[in-house]
Amino acid sequence: MTFITPNKVLGHLDRLAAWQRGEKPAPVTVEWDLSNRCYLGCGYCHFAHTHTKGPWASKRRLLPTAWEGTGDLADVAIVKRALGDMAAAGVQGIVWSGGGEPTVHPQWLEVVDYAGQCGFKQGMYTAAGLLTQPAAAVLASLASWVVVSLDAADRESYRSEKGVDGFEKACQGARWLSQSRGASIGVSFLLHERNWPRAEEMLDLGRSLGATYVTFRPTIETTPDRASVCVGDRSWITAALPVLERLSLEPDVECQPSRFAAYRDWQGRSYDACYGVRVNATITPDGRVWLCPQRRGIVGSEIGDLRTESFAELWARHPGQWTDFTDCRVMCRLHLMNETLAHVFAPHQHEAFV
């Protein structure tokens, strides 16, 4: 399957070439947090510190270095104005993500509908437990894809992983999405030392829900205040790799065993600069635009504020790259893309001869 691949960035060579010429074309994709509220309490949540309501909001949480709050619920008027600005600038896709759970926002359907009117391709990451059947049908009709973060094979493990009893509702939400016309529906499972032996059960579950595909990713274990340092035992990946290799051959599975192996063997980044920030940006509920998803809320990573300026105005200040990885998370959202872009933007001898 090829829904998920870092090489998709090579389909936007025009923008990469524009950056090489010293221009600042709009990003291909913008990831937008409509909400910092979440009804789940996932023990491995990388953004638990952002949650303003929900299980994590009442717990003591470590904060990333130099972190500041990023709001509660997005102002719909600002979202709509900015969507118009971004459409004019040439942004192609909007991912409704978090932060928190996007469907917690009381006007999330209105926003998704408006983005569709603006001509955007849309995707959403959701826990799916708040979806109604009519809402699922509308979302599936407007989005190119929806990924349901399920992460567990049964009710008990779901409760253990996420701290709430919501397995059946999440499954029903995924089923309603799959029964609707339009979007490709992914069911996502994060694997770790305790649950990887059940990966085949997870695949069976995803298929039973009607998913277009099932995706497996490693659970990246760090602490928020030391996101660049791995914690926990990663040796389980060696035992899991034969299973992952076999699953990766299934036509409806998105799984990169090399990604798991890279996490097991993590020694840091092989590149000196993050160029993924040129084609992807993140907006938090307070309307601020950040260089990347993993650096949302980290002081010094803000590009600008949509409450006081247009998207074009703030994007004109984009630094073009990021080189200080001190607070960047292990295997971050843009890591695999950066491994591709490092070759694209690296200087080469005798470039006129290919």
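Tutor: Two terms to start: contact means heavy atoms within 4.5 Å, while helices (H or I, at least four residues) and strands (E, at least two) are DSSP runs, numbered from the N terminus. The model above is predicted: local features need pLDDT of at least 70, side-chain atom pairs count only at pLDDT 80 or more, and totals for chains, interfaces and linings use all residues. Residues are numbered from 1 along each chain as its sequence is written, and side-chain values use heavy atoms, with hydrogens and water left out.

Student: Okay, which residues in helix 4 does helix 3 meet?

Tutor: Helix 3 covers residues 108-117 and helix 4 covers 133-142. From helix 3 come Trp-108, Leu-109, Val-112 and Asp-113. Over in helix 4, their partners are Ala-135, Val-138, Leu-139 and Leu-142.

Student: By class, how many residues in that contact are nonpolar?

Tutor: Between helix 3 and helix 4 there are no polar residues and one charged. Here Ala, Val, Leu, Ile, Met, Phe, Trp, Tyr, Cys and Pro count as nonpolar, Asp, Glu, Lys and Arg as charged, and the others, Gly among them, as polar. The nonpolar count for helix 3 with helix 4 is seven.

Student: Are helix 3 and helix 4 roughly parallel or oblique?

Tutor: Their axes sit 10 Å apart, at an angle of about 20°. Angles under 35 degrees count as roughly parallel, over 145 as roughly antiparallel, 65 to 115 as roughly perpendicular and the rest as oblique. Helix 3 and helix 4 are therefore roughly parallel.

Student: And what about helix 4 and helix 6: roughly perpendicular or oblique?

Tutor: Helix 6 spans residues 167-179, and its axis is 8 Å from that of helix 4, with an angle of about 50° between them. That makes the pair oblique.

Student: Which residues of helix 6 take part?

Tutor: The helix 4 side brings Gln-133, Ala-136, Leu-139 and Ala-140. By class, helix 4 with helix 6 gives five nonpolar, two polar and no charged residues. On the helix 6 side you'll find Trp-176, Leu-177 and Gln-179.

Student: Now the loops. Which peptide bond is cis?

Tutor: Look in the loop between strand 2 (93-97) and helix 3, where Gly-99 has its place. Omega is near 20° for the cis bond, which runs from Gly-98 to Gly-99.

Student: Is Asp-151 buried or exposed?

Tutor: Asp-151 sits in the loop between strand 4 (145-149) and helix 5 (155-162), and has a positive phi near 70° without being a glycine. Buried means under 20% relative accessible area, exposed over 50%, and partly exposed in between (1.4 Å probe, protein chains only). Since its relative accessible area is 5%, Asp-151 is buried.

Student: What is the relative accessible area of Ala-66?

Tutor: Ala-66, in the loop between strand 1 (29-33) and helix 2 (76-89), is another non-glycine with positive phi, about 60°. Ala-66 counts as partly exposed because its relative accessible area is 42%.

Student: Which side chain makes a polar contact with the side chain of Asn-36?

Tutor: Asn-36 is in the loop between strand 1 and helix 2, and counts as buried because its relative accessibility is 0%. Beyond its neighbours within four places in sequence, Asn-36 has contacts including His-51, Gly-99 and Pro-285. The backbone oxygen of Gly-71 is 2.7 Å from a polar atom of the Asn-36 side chain. The side-chain partner, at 2.9 Å, is Thr-70.

Student: How far apart in space are Asn-36 and His-51?

Tutor: Along the sequence, Asn-36 and His-51 are 15 residues apart. C-alpha to C-alpha, the distance between them is 4.9 Å.

Conventions:
Axes fitted to C-alpha atoms, helices over the stretch in contact; angles between N-to-C directions. Polar contact = N/O pair within 3.5 Å; in protein donor to acceptor, adjacent residues only side chain to side chain.
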